[in-house]
Amino acid sequence: MLMTLLLILPVLFALACGFAPARQARSVALLGAMVTFAVSIFTLVGFSGSAGGPVYQLVEQRPWFPALKIGINLGADGPGLLMIVLTAFLTVAVVWYSYEKVTFREKEYYALLLALDATVIGAFSALDLVLFYIFFEACLVPAYFLIGIWGGRDRVRAATKFFVYTVVGSLVMLLSIIALYIHAGTFDITEIQDVLTRKPLPPEMGLFIFLGFAVAFAVKTGLFPFHTWLPDAYAEAPAAVTVLLSGAMAKLGTFGFYRFGVLLLPDAAHTAAPLMLTLGVLSILFGGLVAAMQRDMRRVLAYSSISHLGFVVVGLFAGTKPGISGAVLQMVNHGITSGMLFLIAGMIYARIGSTHLRALGGLWEQTPLLGRLLLIATLSSVGLPLTNSFVGEFLILLGAYQNYPFFAAVATTGVIWSAIYMLVLFRKAMYGAPVRPAVRRMLDLTTNEISLLGAFTVLIFLLGIQPRILLHSADASVDAAVAGVTEAVERASRPPTLMQRPRRRPPQTEPATAAPPATAAPPATPSPTESTESTETTESTQPTQPTQPTEGRGP
Amino acid sequence: MNETLDGIKAIAAPLITMVLGMIVLMMDLGSGPEAVRRRRSLPTISIVGLVMTGIVALVSNVGRQLMVQPGQEAAAFFGRGMVADVFGSVFCVVLCIVAGLAIAMSDRYLEERGINHGEFYALVLFSTAGAMLMAQANDLVNVFVGLEVLSVALYILCGFARRDRRSEESAVKYFLLGSFASGFLLFGTALIYGAVGLSARTLGINLGFPGSFTNFEVIGQVLRESAQQGQPLASSSLFVTGVALLMVGLGFKASVVPFHTYAPDVYEGAPTPVTAFMSAGAKIGAFAAFVRLFHTLLNAESAEPFRIVLWGLAAATMIVGNVLAVRQTNIKRMLAYSSIAHAGYILVGVLASGVREAYQYAHQAVLFYLFVYTFMNLGAFALVIWLGRNGEEYTRISDYSGLARKQPLAALAMSIFMLSLAGIPPAAGFLGKLYLFMSAVQAGEALLAGIGLVVSAIGVFYYLNLIVRMYFYEPSDAVDFGVVRGGGARWAALLAAAVTLIFGLLPNPLIGPRPADEDVVDTVRDLRLRDRTRTPRPEGTPPTPAPTTEGAPGS
């Protein structure tokens, strides 16, 4: 019931927005977003994702289109639920943010925001492939209108590019979905998982299905060669929508990699891991490099988003528990950090009509509060210890190093890039004297904005100091994923003959012994005294030792 | 006597429609104020009559099979020339809807152009009856009769705006090319008659019932038995030529590439309600015949050449329709090309209907798609009429700039049609497409489904273009969308939009649970499983419960 409520509530409030008087629409929307967020928190509290429990919980199944065996199957695993809560939170934030900023066609604006909320939550909670596809596509429609109507100067081109790219990507996925159905005879994800364990896909077929999914998710995430729509869309969309695009919708891509790649098709995910890691690393480097060259704050942030989600992909396909947990954590973290950064960019834009770095400068003196909050967000984005991103990135690199030391090494350089472009951005925007007339007239944050950004700040530090609260609820799902990938590694390394039976044992027990130090790492890591590099070397060498043999056998 | 009554009951829908047309003609007679008043009620009478016909069609064949398989005896009447099954009935219902919507949207249009004559309604009804006849025909000769009834009425309707040169051009073009197509169809029928008769005589095939050699059942039987005897009819050049000519004739009516070239000109010139009727009505008739023909042909062995040709036609139609639609600036022409593209999608389903594993699926998919297509396509035309004023329509796509500001409801409805035509999820077009392509994959035509998906992505582009115009552009001063008296077109458009949306969200009422389907899917899966796991069974042992498929496991 709760999952259905999470879907229906925003839709109902969206309709209410459509019928409310124009001035009241925003209050209705805020109420709707808050109620949805409250329900999602309630769901999270009732959710037990501890290791050993069932992966999918709160499952609700209703027939919808029996002729095709499509059902309204909703439910969530830990990461899915975290994403739902994140989406609901960001929706509250953006409605709040838009309160005084959106002044025309308000009814449609708020109704579409809530519709976006509902469809993204729907995609995170769908346990039926077609239902997932429907939500995955349907969330484009509100986003498209939001960019196209309320966006910046080049909005029509950006919106169309965004829509066409993502639709083309998802059409490829549709073919994979149909192929899976033909193999398994059902669209239900949990049932498919059962069928696949009993009757595995032929390896090439599995790989093709995986690649079909991968195209759609890579486009949605904005992975390196599929990213070209992203900077335009992020830069042209109104700030509130950019927050939802990068914070929630782009996560549909990484989350899809997790649920349909790592969890559902571990064999194919293992086979394709080098490819995906390459794309992830390329995204990290390319995003960082290009971000450093941008001259517009929102474009810097857009490219940094590409870079950060590259980390998530690296973690997901590392095939180790720290890697995957870190990736899940980082999905949430990126939503918060990039959300805050884009909101600040939007606030600057609302004040001086530009976010071009040449038009800024001297904000530290002119608007001290905004400056301090931007500093916190910047440091979080760079991955300073004590902030949320540090834990996630560290776990990802640790997990990747265990199986793919080369990729981990290259990915680590991305941290340097992020420091470069973020600090350069900060310097150009903040320091110097406020010379531009627009800047000199600029006002500092309002109470509304302070409380909004304050909430983000609290989350940044809370998750930086105590990431367990998130990691804990994702445990069961992540364990299942790791187990699946471990088995896949085993299957891949085992010759087709049955002579090698006894060899199955050691790799199965080894990760089990390796896991505890890895899971114990998160609370220990954010010690402020140690620098990033030193923590890494001391901590990561320990768990890698026992898994070294697995890695040698793996590929 | 009893059998005649049964027969009349079985084909009640075309009969009633025909009689209704005659009643309308009669009521149109006479002069004076009395007659004028009577004439005004003609549309209402036609629509009420069509609703009743639809209900009759729905109940008259309840309990029968969707379509009998080749080899089984169908419930056929009138010298086995007309068949009674659910497939035909549902087509009749859809045709009633097409005619009803076309009449509903025409009232103000005809008045303003001064062509409000009673024949219009009678001709639409006759044409509908012809299409219904095609849907229930079990004999090529009856297909031809239905086609002619359909076409002759349509030729007149195309030129109904007598004083309009474009309308005349459209009528002449359609008539000249259409009569050629009819000739092809008739000649093909003659050749098939000869080929089948020759084969039956020389091989001494004992026909199950006395019938003409153009009967679908007879053709199917001779195809099967001649193949068993080693001299397949399908390889006789006479027969192949005949089928090729049939495909030309039917392909013309369904506007299949390369017989599509008339469509844009005719669609553009004809009065818009006629265009709307033609784009769905004529197609539905042709596709019903197509499905029956290929159901017969492809289920027989050694039908590979037809399959290849149909494959090529489907691929070409999808590609050409979508690609050419991109460049159109006239909305009627754009819809014409889009309707060509949609004919291509439906051909994919027709192709799948010839494969044993998929045909039940495919029949439903074709039905579902045509049903949905009717609403989205007629809805779009109704909207064009709704927004027109004083007999002039806004047919340039650029005229629709900023429509969302002036007529938000119309813009919303148009967006629903466009999204549905593009196959974007919340609208019903997506489910239709999914259904069709799934049946194709089930039939082993994954490549064709892939082509379909790729070109749908092109489709997204031009459908989106209209939405971009309506929502993201400022209204132009040259076009006045101020207060328009919508009339019936308004209601038709809104009804169609509502249905398109509702069937996208709740498809069940249309195609409810069908246990037969599940059997098919399961048996197909069983068959495949068995193929993989076991060697073919010895003759004589019955396959696992497979009531709906007659295939032996090894074949």
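Me: At what angle do α7(A) and helix α9 of chain A pack?

Reply: First, the ground rules: helices (H or I, at least four residues) and strands (E, at least two) are DSSP runs, numbered from the N terminus. Axes are lines fitted to C-alpha atoms, for helices over the stretch in contact, and angles run from 0 to 180 degrees between N-to-C directions. Here, α7(A) and α9(A) (residues 203-221) pack at about 155 degrees, their axes 8 Å apart. That makes the two helices, α7(A) and α9(A), roughly antiparallel. The cut-offs: under 35 degrees is roughly parallel, over 145 roughly antiparallel, 65 to 115 roughly perpendicular, and the rest oblique.

Me: Before we go on, what sort of model is this, and how are things numbered?

Reply: It's a predicted model, where local features need pLDDT of at least 70 and side-chain atom pairs count only at pLDDT 80 or more, while totals for chains, interfaces and linings use all residues. Residues are numbered from 1 along each chain as its sequence is written, and chains are lettered from A and ligands numbered from 1 in the order in which they are written.

Me: Is the crossing of α7(A) and α9(A) left-handed or right-handed?

Reply: A crossing is left-handed if the near helix is turned anticlockwise from the far one by less than a right angle, and right-handed if clockwise. The α7(A) and α9(A) pair crosses left-handed.

Me: How many residues does the contact take from chain A and from chain B?

Reply: Chain A gives 26 residues and chain B gives 31 residues. On the chain A side, the elements giving two or more residues are α5 (129-138), α6 (140-150) and α7 (155-184). The most come from α7(A), with 13 residues. The chain A side divides into 21 nonpolar, three polar and two charged.

Me: How many residues of α6(A) are buried?

Reply: A residue is buried if 20 or more other C-beta atoms lie within 10 Å of its own, exposed if 12 or fewer, and partly exposed in between, with C-beta atoms placed from the backbone. In α6(A), 10 of its 11 residues are buried, including P142(A), F145(A) and W150(A).

Me: And what does α6(A) meet in α11(A)?

Reply: The axes of α6(A) and α11(A) (residues 239-263) come within 10 Å and cross at roughly 150 degrees, and their crossing is left-handed. A143(A), L146(A) and I147(A) of α6(A) meet V241(A), L245(A) and M249(A) of α11(A). The residues in this contact of α6(A) with α11(A) are six nonpolar, no polar and no charged.

Me: Which residue stands opposite F65(A)?

Reply: Strands pair if DSSP finds at least two bridges between them. Six bridges join β1(A) (residues 57-65) to β2(A) (residues 70-76), and the two strands run antiparallel. F65(A) stands opposite I70(A). The two strands, β1(A) and β2(A), form a hairpin with four residues between them, and K69(A) in the turn has a positive phi of about 55 degrees.

How values were computed. Two residues are in contact if their C-beta atoms, placed from the backbone, lie within 7 Å. Ala, Val, Leu, Ile, Met, Phe, Trp, Tyr, Cys and Pro count as nonpolar, Asp, Glu, Lys and Arg as charged, and the others, Gly among them, as polar.
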